[in-house]
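Subject: Structure handover

Hello,

Please find the structure we talked about below. My notes on it come after.

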Amino acid sequence: MARETPLLPVEDAREMALFFVVGALCFLAALATLSAKSTYGAARSWTAEVEGELTVSLPDADRRGAEEARQIIEATEGVREARLLSKAEIDALLEPNFGSRGLPDSLPLPQLVAVRADPEVDFMGPTLERRLTEAGFANAVDEHADWAGDVRRMLAIARLVALTAVALLASTAVAVIAFATHAALLARRDIVDVLHLAGARDRYIAGLFERRFWLLGLRAGAVGALLALGAAAAMIFAAHSSGARSGLLPVLSLDLLDVMILVATPLIAGLAARLAARVTVIRSLKSVM
Amino acid sequence: MTLSRHDLFDDVAVRLDSVSLRYDTSEDILSGIDLVLKPGSFSFLTGASGAGKTSLLKLLYLALKPTRGEVSLFGRPTSRLTRDQLSALRRRVGVVFQEFRLLDHLTAYENVALPLRVLGRKEASYRHDVEELLAWVGLGERMHARPPTLSGGEQQRVAIARAVVTQPDILIADEPTGNVDPEMGSRLMRLFLELNKRRGTTVIIATHDLGLVRQVEAPVFRLQHGLLVQDVEYGPAARRRTDIVKAAE
């Protein structure tokens, strides 16, 4: 005799529809997870970059005075580097506002010192302001961390939204599978009844549905994860092709953690499907003697 | 509680104490039924259509809970058993359903082997028995056919083979000869009698076929208006009684 025929008939059109829905949900969930993770990564790297960065503006100083101020700044405890910006660098900073032809030499511009300080040191801005004022320099200190905080908060919200989307998609997938299992159970009530009356235990009958939906979840999850991988790869390619000028935007990457997310997607889908099937079948069987 | 074949030797195979059954809010289908079947007994259940024969059988093969009263199998009150214990009891009961309940995606062979698969038996261990049983019911050549391609009579024989393949302690059959010719009907009755005599299987057959009832010296229980009329006479007395039942119907 050849291999035993499964007690549940091979999948029908209803299961194909479920396969499509679970696959699509897994695709969205994987993509949302990758986005959440890259948003988190971007927020971390970007804020780490600007943490401890300051710009000191010296409106009344000439180049020599500015160099003297730079030395005072650099000598301050907690400062790692202080660099006087060149005229070309200042022109480049102002280019978005005043165009590429530069500013007339007659126009007075403040001297700017770019400062990199230890982010762990508190009150760096006020300390520099006080020291420069004591040395007789009119100055204004701009701590990048002040507005980096706003960006950080915004990114945290974006991350929360992405995680909520992942949770919603996952719970939707579980609900859809539970619904589909219930429908499958009703459609195959004849099989369930015969097995039940032949003395099959509840967990034996549930096991048939569990195996079926575990495989369905696994396969649909794998397809969804592969599509998410394709979409992520396309986005990475598009970002690289555009010259990667989107410095503030989260950029998708594919590192080990991303691969783990993609590998975990079908496993989670399979387990969720299995669990949903088990709970649905056991609950349904308990309604009969 | 572990249930074993030794329970067969309990004093009573089936016991119904003041059992009533009602579906939803309707009238009682069965009312205050008392019934005792000894292990190894052979009984008929008759009654007009809608008298509640199938409902009574459902109580016996543990598909339904009584609305009131207690159903006990092998001395075990079923209301006190866990789900696993009920499953274990069901494995000792073979059922021939009126509507056969064969699984269309399985072959005749696989349908018959189904209870053995549920028991966790390996195919190699039961293949010969199942093939022999199918040959005995005249389906040796059709064992790989699926139910939709079988005639009503063939399906009925598959259903009967499935019910007896585990050599159950109780065999419950609902109109088991309804779709077979008289010759096959007699043959199936001989199978039931053989199981009853050789293995001590308790057999309960619900039937309209009084001709079938007359073939066997066995008590006849008749359902009428939800009540069970017990008749424990044998032989010619049983034949006389079925004539009376026939006249009454």
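Predicted model: local features only at pLDDT ≥ 70, side-chain atom pairs only at ≥ 80, totals over all residues.

Residues are numbered from 1 along each chain as its sequence is written, and chains are lettered from A and ligands numbered from 1 in the order in which they are written.

Chain A

An automatic or database domain assignment divides chain A into domain 1 (13–47 + 149–286) and domain 2 (60–138). The centres of these two domains of chain A, taken over C-alpha atoms, are 51 Å apart.

Chain A has an open sheet of four strands in the order β2-β3-β1-β4, with antiparallel pairing. Strands here are DSSP runs of E of at least two residues, helices are runs of H or I of at least four, and both are numbered from the N terminus; two strands pair if DSSP finds at least two bridges between them. At the edges of the sheet are β2 (79–84) and β4 (140–143) of chain A, each pairing on one side only. On average, neighbouring strands of the sheet are turned by 20° against each other, direction ignored. Strand β1 (residues 53–58) and strand β3 (residues 111–117) of chain A are joined by six bridges, and Val56(A) stands opposite Val113(A) in β3(A). Helix α2 (residues 63–75) of chain A lies across β1, β2 and β3 of chain A and runs at about 175° to β2(A). Such angles run from 0 to 180 degrees between N-to-C directions, with axes fitted to C-alpha atoms, for helices over the stretch in contact.

Chain B

Chain B has eight helices and ten strands. Of its 249 residues, 44% are buried, that is, with 20 or more other C-beta atoms within 10 Å of their own, the C-beta atoms being placed from the backbone (12 or fewer is exposed, in between is partly exposed).

Strands β1 (residues 14–22) and β2 (residues 28–37) of chain B pair in the antiparallel sense over six bridges. They form a hairpin with five residues between them, and Asp24(B) in the turn has a positive phi of about 50°.

Strand β7 (residues 170–174) of chain B is largely enclosed by the rest of the structure, because five of its five residues are buried. Ile170(B), Ile172(B) and Asp174(B) point one way from β7(B), and Leu171(B) and Ala173(B) the other way. β7(B) runs parallel to strand β6 (residues 93–96) of chain B, with four bridges, and parallel to strand β8 (residues 202–206) of chain B, with five bridges. The bridge partner of Val95(B) is Ile172(B), and that of Asp174(B) is Ala206(B).

Contact between the chains

In chain A, 17 residues are in contact with 23 residues of chain B; contact is defined as C-beta atoms, placed from the backbone, within 7 Å. On the chain A side, α6(A) gives the largest share, six residues.

Regards

Methods
Contact = placed C-beta atoms within 7 Å.
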